[in-house]
Amino acid sequence: MPSRWIKPLITALCLVSVAKIKAQDYGIEEDISQSCKNNNIRSSTTSTTQGKSFVIRKMNGNSTATTTKTGFERMKDPLLNVASSTPLADRERLKLRGLVPSGYIPLNLNVERCMQQLRLKSSPLEKYLFLQSIQDVDERLYYAILVSHTEEVMPVVYTPTVGEACQKFSSIYRGTVRGLFISLEDAGSVRSVLDNWPHDNVSTIVVTDGERILGLGDQGVNGMGIPIGKLALYTACAGIHPSQVLPVHIDVGTNNEAFLHDPFYLGLKQPRERGPAYDSLIEEFFEASQDKFGKNVLIQFEDFGNTNAFRLLEMFQDKATTFNDDIQGTASVVLGGLIASKNMTGLELSEHTFLFAGAGEAGVGIAELIAYAITKETGVSLNDARKKIFLVDSKGLVTKARLASLQHHKLHFAHDIDDDCPDLLASVQKNQTYCSHWGIRKAWHLF
């Protein structure tokens, strides 16, 4: 499996314990292996607890809500509509006769029918739009596709295709309700905006302000594709019912000049807010979310810019069930790999010297978690543990000589070093003994 998929998969699986949600909440079945075998369909995702393949059986198996929707109203609800996969015996009771073709297609065959259509699409974005069109009308079918063909469709649902989808979000927007858009114009009314969401049982929120989307920079409202895609993976990989997830975009403007002059851009056409109004809106969102969905609702920061990511995490981590995926999610996966590497290197974490090419959210987040792990391993202070870790940014090695110009999140790793290390090569030569070199985000090309 490509390494770029590991983090979203592990993060999704970790969310099961964080959010305390069981896969049974939306009816996972263990018998797809035999169904796929009978119909010559390959299932590529397996249950980590049972060791068997699984598929969604019925999306209306949500234990937290019931519904009496029938007929046309039922078919317009993507959580309930299963169209031609509705058993013939149920169509009279659900008032679906005449609203769907007479034939019956089992879910597993419907998955294969859609996969055949997907493979005919000529570009990744066309595949993305095709899958989104399925999600818009039949979420059980959509997630059955993600579950049974994870390896093939994950690059379409999320990275790398989601990057292009974000860049073109305003152009390809279809008016489908896939999350909430909260802007500066909603200040003072965020709670009422949340009341417009059709589900009250939300347990997991992914929120972005669109400032640092993947490696694409400020995407403004177009960054909404990230929370939508990430939460789709959390449903497919961790079993969180789709009615319990909520993608959110906080629109505070954009500094992307192309979008500001694009007549089709769907966000606020104003420079990005940097003042008290920004903090006030974020705080109101957190308070309103906890009031609406409960104190334990999980709120995940996603793709916030460096200017806000670290300080917002610090502001809310003791007030809410929250984490920053770029800072902490990436770090947890990397630390797990480092701990496992002891079987190959024979070295404890404290016996390494770590040099990071990149000092943004991911790099510093990993560095801090490694330092914390070293304190647990050896009992040394956090400051002493940080002395084993060095950062290289666009200006060279992060040192005390640069304190005046360093961003706040880099200060803990500004070491007292006399030698001038203006680039990665000089930094490697300075710290080459037992040195693990890490390229973070856009710094990979330096190796």
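Phe 181 is partly exposed, with a relative accessible area of 34% (buried means under 20%, exposed over 50% and partly exposed in between, for a 1.4 Å probe and protein chains only). The model is predicted: local features need pLDDT of at least 70 and side-chain atom pairs count only at pLDDT 80 or more, whereas totals for chains, interfaces and linings use all residues. Residues are numbered from 1 along each chain as its sequence is written, and side-chain values use heavy atoms, with hydrogens and water left out.

The structure contains 8 aromatic pairs (rings of Phe, Tyr and Trp, the last by its six-membered ring, with centres within 6.5 Å; planes under 30 degrees apart are stacked, over 60 edge-to-face and the rest tilted). One of these is the tilted pair of Phe 169 and Phe 181, with 6.4 Å centre to centre and 50° between the planes. Phe 169 belongs to helix α10 and Phe 181 to strand β3 (residues 180-183), so the pair ties together parts that are 12 residues apart in sequence (helices, H or I of at least four residues, and strands, E of at least two, are DSSP runs numbered from the N terminus). Phe 169 counts as buried, at 11% relative accessibility. An edge-to-face pair is formed by Phe 285 and Phe 286, at 5.9 Å centre to centre and 85° between the planes; both residues are buried. Together with Phe 301, Phe 304 and Phe 316, Phe 285 and Phe 286 form one aromatic cluster.

Helix α7 (residues 139-148) and helix α8 (residues 150-157) have axes that come within 6 Å and cross at roughly 115° (axes are lines fitted to C-alpha atoms, for helices over the stretch in contact, with angles from 0 to 180 degrees between N-to-C directions). The contact (heavy atoms within 4.5 Å) involves Tyr 142, Ile 145, Leu 146, Val 147 and Ser 148 of α7 and Thr 150, Val 153 and Val 157 of α8. Its residues comprise 6 nonpolar, 2 polar and no charged (Ala, Val, Leu, Ile, Met, Phe, Trp, Tyr, Cys and Pro are nonpolar, Asp, Glu, Lys and Arg charged, and the others, Gly among them, polar).

The count of cavities of 30 Å³ or more is 2 (a cavity is a set of points on a 1 Å grid over the protein atoms alone where a 1.4 Å probe fits but cannot get out; lining residues have an atom within 4 Å of a point). The largest cavity holds about 170 Å³ of space (the space filled by probe spheres set on the points, which are joined across faces, edges and corners). Among its 14 lining residues, Gln 132, Phe 169, Tyr 173, Arg 174 and Ile 228 are the closest to the centre. Helices α6 (124-137) and α10 (169-172) each supply at least two residues of this lining, which divides into 8 nonpolar, 4 polar and 2 charged residues.

Key: On a 1 Å grid over the protein atoms alone, a cavity is a set of points where a 1.4 Å probe fits but cannot get out, and a pocket is an open set with protein on both sides within 12 Å along at least five of seven lines; lining residues have an atom within 4 Å of a point.
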